[in-house]
Amino acid sequence: MNSSVIEFAGLTKKYGSFTAVDHLNLSIDEGEIFGLLGPNGAGKSTTILMMLGLTEPTYGTVKVCGINSTTNPVEVKRKTGYLPEDVGFYDDYTGFENLIYSARLNGIPDKEAKEKVKYILDRVGLSEEINKKAGKYSRGMRQRLGLADVLIKDPSVIILDEPTLGIDPKGISEFLELILKLSREEKSTVLLSSHHLHQVQKICDRVGIFVEGKLIAEGDINTLSNKLFSSDPFHIEAAIRQDEKVGSPDIVRNELVEKIKQVAGVHYIETFNDTFRISCAEDVSGEIARVIVGSGVQLIHLSGKEYGLDDIYNRYFEQNGNSN
Amino acid sequence: METVTDISNRMKRLTTIFNKRILPDIEREPERQKVSRVAPGAFMVMVKKEVSDHIRSWRFIILFSIIILTCLGSVLSALQGFSDAIKASQGDESFFFLRLFTATDGTLPSFFVFVSFLGPLLGISMGFDAINTEENKNTLSRVMSHPIHRDSIINAKFVSALAVLSVMFFLLGFIVMGMGIIAIGIPPTPEEFLRVICFIILTILYVSFWLNLSIFFSVKFRQPATSALSGIAVWLFLTVFYSIFVSVVAKAAAPSEMASRQQVMKYQQLVFGMQKILPSEMFSDATTTLLVPTIRTLGPLTAEKMYGTLPSALPLGQSLLIVWPQITGLVAASILCFVLSYISFMKREIRSG
């Protein structure tokens, strides 16, 4: 079953001397939710445009369901639903009319289209706004309408470009839930791009990190964090409270840092006032606690830290910055 | 018995061949056709939507009423002096029905002058926001994500505007003819009718040139205001400033008084050619020739050419022959603009936001 639905092979797009997408090789399996992550201008949207044949790659190919997007975009678009970054509708048409137009463009007969549009609008939760002009829709409603527009053709691949941009937090989680539910029910493959890590983290099976046109890492979040933090897999955060009587806070702190550094396995320590961040090769939190308590200050907080996308992301930027 | 088994064996073989080789092909055929085709009628769906958008837009309603009112006004003013005109011509000018479109009693310009003035405005107004508004509202990338060819969009924009314009100008032409029949009481002769039809088609061609030009600007400029202003600027330049420019050039290039007749002739042809290359000149030349059948030539006329001609009207075929260069020129200019906008639209990257 796990045949790949989307395949990028050496995909490159250049604008003059600027390389927007640089030799992208990636394949996405059927039924997967793949998150394309990266800062603005990393080439996520350009990649998506090439998938739909809306712009031509300089080299390389994209295949969606085995169809080449550059030479046969119409076939690809028949199977693929695309929600653009800032989706627009005809303002003086109602949401219903906008969708009917899309249904007609997809060659759905009028009778069937009406039923289908009503059903889909109901699914995305817009059944009450059905006769409201699209110009009066709020941003979140427009995004839902956009999703309905994608679903009208029963796509086997759904591409969402920054779907959470500009919606309020409650709306975002509702919207993502909706995407998750729909993709599980219809068994469709979803590719979504975002620069917002936390949101995407929740629903993605797999993510790819995209910086300056290059895919620098891909995999599920656990694999990614293991890969990245392989040298120091454990991170411990400790907070202390100093007693004024013991001595000057700075001196005490520096002494403590030196002591912690002596603990076997500790590689690196960062201090933010009275909070320490310690990277180490194995779990030595017990030892660290003993050292801190032994030095006469109060230990008020000690925790092992797990990695989220944020850290992965930041780590990549650090690495990139260092290599430059 | 043997022959019967032979035949039945052969039949069996044939059936297996049919089942194995031919039947799958037949069954696959419609599928193959379906794969290579765009959703049936997607283009017509787009044209229908564009037409209904045009008809419902305030812009079109306003321009349409302006054109209807001015044209009716000009026809009424033509009818005012009509009886005098007929009496004066005393039948030796048989095409008096056509005078509805060209005559005036001096209060208002004639019908075809109005059309040649307002036509470009109508064309520009129907095309200047064709592509860029869709782009600015981000509807273009959404519509393009449906299974349609990219050129369907620009083709639909052009075809729908052309359809609306054609219906409108035929409507206008027939209203004027109808009013003429009621007011004068004499129906037009078949030739007059054909001439009017030719005039209407020519008008549509001329307006479609401006339409294509403004579609081109709408592809080029992201702001609808810029594209509308560019269209109007070109129109103003061609109607007002170009003739000034030509007269300046003409003064500079004027031959001395001592120049030979050939030189003067060449100079005249140069100035003439510079003036006649304008779309508006082509249109007005072509329409006057079609509506005034006594016009025999559009170039400089020498005494030798006039010698021996009969002062009579030309048949429609001959009139068309005279204006053939103008018609070709208008069609060419219009196609050129469309090709330019088509190419730049097809190369465009469609991005949202």
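Mentor: Start where chain A and chain B meet: 15 residue pairs are in polar contact across the interface, both residues at pLDDT 80 or more. Keep in mind that this is a predicted model.

Trainee: Which elements of chain A give two or more residues to the side that touches chain B?
Mentor: They are β1 (4-15), α1 (44-51), α2 (73-79), β6 (80-83) and α3 (95-105) of chain A. The largest share, 5 residues, comes from α3(A). By type, that side of chain A divides into 13 nonpolar, 10 polar and 10 charged residues.

Trainee: How many salt bridges cross the interface of chain A and chain B?
Mentor: The rule finds 2 there.

Trainee: What makes B:Arg142 and A:Asp149 a salt bridge?
Mentor: Their closest N and O atoms are 3.0 Å apart. The cut-off is within 4 Å, so the pair qualifies.

Trainee: How large is the area buried between chain A and chain B?
Mentor: About 2700 Å², with carbon and sulfur atoms giving 54%. In chain A, the residues that lose the most area to chain B are A:Leu54, A:Tyr90 and A:Leu105, together 24% of what that side buries.

Trainee: Why is the pair A:Asp86 and A:Arg139 called a salt bridge?
Mentor: The closest N and O atoms are 3.1 Å apart.

Trainee: What does the pair A:Asp86 and A:Arg139 tie together?
Mentor: A:Asp86 lies in the loop between β6 and α3 of chain A, and A:Arg139 in helix α5 (residues 139-151), so the pair joins parts that are 53 residues apart in sequence.

Trainee: Why is A:Asp86 called partly exposed?
Mentor: Its relative accessible area is 25%. Buried needs under 20% and exposed needs over 50%, so A:Asp86 falls in between. A:Arg139, at 23%, is partly exposed too.

Trainee: How do you know that A:Asp154 and A:Lys116 form a salt bridge?
Mentor: The N to O distance is 2.9 Å. The limit is 4 Å, so the pair passes. A:Asp154 sits in the loop between α5 and β7 (157-161), and A:Lys116 in helix α4 (residues 110-123), 38 residues apart.

Trainee: Are A:Asp154 and A:Lys116 buried or exposed?
Mentor: A:Asp154 has 52% relative accessibility, over the 50% cut-off, so A:Asp154 counts as exposed. A:Lys116 has 18%, under 20%, so A:Lys116 counts as buried.

Conventions
Residues are numbered from 1 along each chain as its sequence is written. Chains are lettered from A and ligands numbered from 1 in the order in which they are written. This is a predicted model: local features need pLDDT of at least 70, side-chain atom pairs count only at pLDDT 80 or more; totals for chains, interfaces and linings use all residues. Side-chain values use heavy atoms; hydrogens and water are left out. Buried area is the accessible area (1.4 Å probe) that two parts lose on being put together, summed over both. A salt bridge is a side-chain nitrogen of Lys or Arg within 4 Å of a carboxyl oxygen of Asp or Glu. A polar contact is a pair of N or O atoms within 3.5 Å; within protein, one must be able to donate a hydrogen and the other to accept it, and residues adjacent in sequence count only if both atoms are side-chain atoms. Helices (H or I, at least four residues) and strands (E, at least two) are DSSP runs, numbered from the N terminus. Ala, Val, Leu, Ile, Met, Phe, Trp, Tyr, Cys and Pro count as nonpolar, Asp, Glu, Lys and Arg as charged, and the others, Gly among them, as polar. Buried means under 20% relative accessible area, exposed over 50%, partly exposed in between (1.4 Å probe, protein chains only).
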